[in-house]
Amino acid sequence: MKIDFGPFINGESRIARGGKRSPLINPATEQTWGEMPGATPAEVDAAVNGAHRTFEDTWRDCTPGKRADILFAIARGIRENAAALAEADVNCIGKPISDARDEVALGAKIFEYYAGAIGKFGGQTIPVAAGGFDFTIRQPLGVVAAIVPWNFPFPIACWKVAPALAAGNCVVLKPAKPSPVSAVMLGAIAHHAGLPAGALQVLAGAGSAVGEALVTHPLVRKISFTGSTAVGSRIMELAARDIKRISLELGGKSPNIVFADADLEQAAAKSPMSVFANAGQDCCARSRVFVERKVFDAFVDRFVAATKTIVVGDPRDEKTQVGPLVSAEQRKMVEGFLDGARNDRRRVACGGTRCSDRGYFIAPAVVLDCEPADRIWREEVFGPVVCIRPFDDEEEMIREVNDSPYGLSGSLWTRDIGRALRVARRVESGVLSINSNSSVHVEAPFGGFKQSGMGRDLGMAAMEGYTELKNVYVAS
Ligand code: NAD
């Protein structure tokens, strides 16, 4: 299958016309390896109109069985093109190849999950006081705009596109500027698998132009967004004008809480990758670590030792665990946080420096002696930086954990099940794992509290979010 880098509209890879072209820069080599033309306003309009036509003409009324067959075929297409999809994300954002492969496999699993969900997703019958017969139906919304970030480009695209299609919507997918290639490939794979032309359109380009044109297009009924809190707030503002449905998966500053009774070896061995994976460019990164004072020194020693063993380097190498940051700007931003911490005399126990002449690499950094008011402790760094602080009292620690505008993810480590459940209830976050680093399960809802967002991706909750709930009453 030939993959073109132009927009994918109505079943065709288009040669881009007048849209602004952005270079594709490999963050590991700093070499420009391609160009991606942004969609023009006319292409945005053509994509949304085409999606709307396909919704009305075919996809809305496609039988559940046929829809499921097509989604299963998309999953097969993803597996058949796995190597090329993984390579695209390695080249675009410097994702280590082993992670890129896992994320492509996750994308296929997501399509399989929602293909299977189609036949299990229905309404209710309700015994209303008036008698008669009352039932609910879940109806698709129409055209959904899926706007995704660059840090997990393929799985996030899949976890928006698959449930939206499964519920009977058509989708216009807008990838982020650094990472459009796997999204365009997904459009072609889905079409090849039998998805009607127009049911999945893919438009690259700048958020301020292509993104806003999509959000404000009168035929777009829902915006499913993952990205920064600032852009999420802007989208909410624009969507409010027409009461469009939105779901927002936004930033985070997630806690990792280690009690003295935890399996310290296990907690210290696993915790570094809960923040440094994807070079820390992870909305769920556990970047604030709270350690009970009794075991603080022992934990920090182990954490720093484990951090020093992380293999940072060429993302094409199978052994690499952490690749470069996505861009020179992202690296500068991360270095700004570290400089601020050093100026405040915070201790950088390891890492925090550039570790290659070429590529946007920074060695994973462990920062100690922070204060709760420090910028590096409060703000999302989105780089390989963790701060570790001791705590004495459970109540006080929970107050500090919740003293954040964010509430996305987190971990806690303890052998005391009562404490685990008590603290899990009190932490303000949409996702929490106990004695584990996990954040994402295809079958379970994923999303944030507070400024980390609203609505849920994944699980059956995502499918509900791509429907309107209609109640029908039949008199008897
Ligand atoms: P971003 O907000 O800059 O961009 C995200 C997407 O929105 C991109 O496709 C971008 O082009 C588009 N966009 C930008 N401005 C827009 C506008 N005005 N209107 C419409 N679309 C617009 O985020 P990013 O830099 O790509 O990703 C990093 C951020 O994403 C971090 O804050 C991270 O925490 C967050 N994130 C959250 C989750 C989650 O599930 N909660 C997952 C991954 C990333």
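**View 1. The start of helix 9 in this predicted model.** Here a side-chain oxygen of aspartate 263 comes to within 3.3 Å of the backbone nitrogen of glutamate 265. Helix 9 itself covers residues 264-276, 13 residues in total. From first to last C-alpha it reaches 19 Å, close to the 18 Å expected at 1.5 Å a residue.

**View 2. The bend in helix 9 and the residue just after the helix.** Follow the helix to lysine 270 and you will find a bend of about 25 degrees. A proline, proline 272, follows within four residues of that point. Just after the helix, take a look at asparagine 278, whose phi is positive, at about 60 degrees.

**View 3. The buried side of helix 9 and its cover.** Buried residues in this helix include Leu264, Ala267, Ala268 and Ser271. Pro272 is buried too, along with Ser274, Val275 and Phe276. Among the elements that cover these buried residues are helix 10 (296-308) and four strands: strand 12 (255-258), strand 15 (365-368), strand 16 (385-391) and strand 17 (411-413).

**View 4. The shell around the ligand.** Of the 27 residues around the ligand, those that come nearest are Val148, Glu212, Ser228, Leu250 and Glu380. Helix 7 (207-216), strand 10 (220-226) and helix 8 (229-240) each contribute at least two residues to this shell.

Definitions and conventions:
Residues numbered from 1 in each chain as written. Predicted model: local features only at pLDDT ≥ 70, side-chain atom pairs only at ≥ 80, totals over all residues. Heavy atoms only, no water. Expected span 1.5 Å × (residues − 1). Bend = angle between axes of the 7 residues up to and from the residue. Buried < 20%, exposed > 50% of the residue type's maximum accessible area, 1.4 Å probe, protein only. Contact = heavy atoms within 4.5 Å. Polar contact = N/O pair within 3.5 Å; in protein donor to acceptor, adjacent residues only side chain to side chain. Near = heavy atom within 4 Å.
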